Amino acid sequence: MNEHHDSAIATPPAATTSGPAPLERRIAARAKPVRHPWRPARALQFGRRLLELIRFSHTVFALPFALLAAILAWGLEGGTAFGARPLLGILLCMVFARSAAMAFNRLVDRQFDAENPRTAGRHLPARLLSVGQVTLFTWAMAGGFVASTA
């Protein structure tokens, strides 16, 4: 009788070691894993690194010279009339072309930059940005340049 009493109180082993219930397993199977959640701080850091890679501050410094050339061209006889659209096109072409050229230069020179102690801390040798990211950025800037010429 004592044996019967002990077996009645004990929980069956299948209930304690079986893991999640069937419903929980089905829900977990349907759930899609989140690979890389979007984080604003991370996106801002990535954008800042790209701007540092191409020395965007130098692009801003060069813009007045491009605008001066445009003003001189508009003043020529038979030149294009001044307008907001040509002005915007000049600004966009300047930014996109310089950004594509600088990023391409960083890609091409990454091995030399890694060997030189002065440039070893740049984004590609220091692996702050990947070759794929910079390549994609270069193509995007080149595409932006072509699109802004229309």
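The model is predicted; local features require pLDDT of at least 70, side-chain atom pairs count only at pLDDT 80 or more, and totals for chains, interfaces and linings use all residues. Residues are numbered from 1 along each chain as its sequence is written, and side-chain values use heavy atoms, with hydrogens and water left out.

The secondary structure comprises eight helices and zero strands. Helices (H or I, at least four residues) and strands (E, at least two) are taken as DSSP runs and numbered from the N terminus. Along the sequence the pattern reads α-α-α-α-α-α-α-α. The chain has 150 residues, of which 20% count as buried. Here buried means under 20% relative accessible area, exposed over 50%, and partly exposed in between (1.4 Å probe, protein chains only). Contacts are defined by heavy atoms within 4.5 Å. Among contacts with a separation of 6 or more, 66% join residues 24 or more positions apart.

Helix H5 (residues 56-75) has 20 residues. From first to last C-alpha, H5 reaches 29 Å, close to the 28 Å expected at 1.5 Å a residue. The expected span is 1.5 Å times one less than the number of residues. H5 carries a kink of about 30 degrees at alanine 62, shortly before proline 64. The bend at a residue is the angle between two fitted axes, one for the seven residues ending there and one for the seven starting there. Ala62 is also one of the buried residues of H5, together with Thr59, Leu63, Ala66, Ala70 and Trp74. The cover over these buried residues includes H6.

The structure holds one aromatic pair. Its ring centres, those of phenylalanine 61 and phenylalanine 65, are 5.8 Å apart and the planes meet at 65 degrees, so the pair is edge-to-face. For this assignment, rings of Phe, Tyr and Trp (its six-membered ring) pair if their centres lie within 6.5 Å; planes under 30 degrees apart count as stacked, over 60 as edge-to-face and the rest as tilted. Both residues lie in H5, four residues apart, about one turn of the helix. An α-helix has 3.6 residues a turn, so residues three or four places apart point the same way. Phenylalanine 61 is exposed, at 61% relative accessible area. Phenylalanine 65 is exposed as well, at 53%.

Two salt bridges are found in the whole structure. The criterion is a side-chain nitrogen of Lys or Arg within 4 Å of a carboxyl oxygen of Asp or Glu. One joins arginine 48 to glutamate 52, with the closest N and O atoms 3.1 Å apart. Both residues belong to helix H4 and sit four residues apart, about one turn of the helix. Arginine 48 is partly exposed at 47% relative accessibility. Glutamate 52 is partly exposed at 32%.

Aspartate 113 and arginine 122 form a salt bridge too, at 3.4 Å from N to O. Aspartate 113 lies in helix H7 (residues 110-115). With a relative accessible area of 7%, aspartate 113 is buried. Arginine 122, at 22%, is partly exposed. Neighbours within four places in sequence aside, aspartate 113 contacts Thr119, Ala120, Arg122 and Pro125.

Helix H8 (residues 131-148) has 18 residues, which should span 26 Å at 1.5 Å a residue; the end C-alpha atoms are 25 Å apart, in agreement. Val134, Phe137, Thr138, Met141, Gly144 and Ser148 are buried in H8. These residues cover an arc of only 125 degrees around the axis, which puts them on the same side of H8. The arc is that of the directions from the helix axis to the C-beta atoms. The buried residues of H8 pack against helix H4 (40-53) and helix H6 (84-108).

Serine 148 lies in H8. At 13% relative accessibility, serine 148 counts as buried. Residues up to four places away in sequence aside, serine 148 touches Gly89, Leu92, Cys93 and Phe96. Serine 148 and isoleucine 90 are 58 residues apart in sequence, yet their C-alpha atoms are 8.3 Å apart in space.
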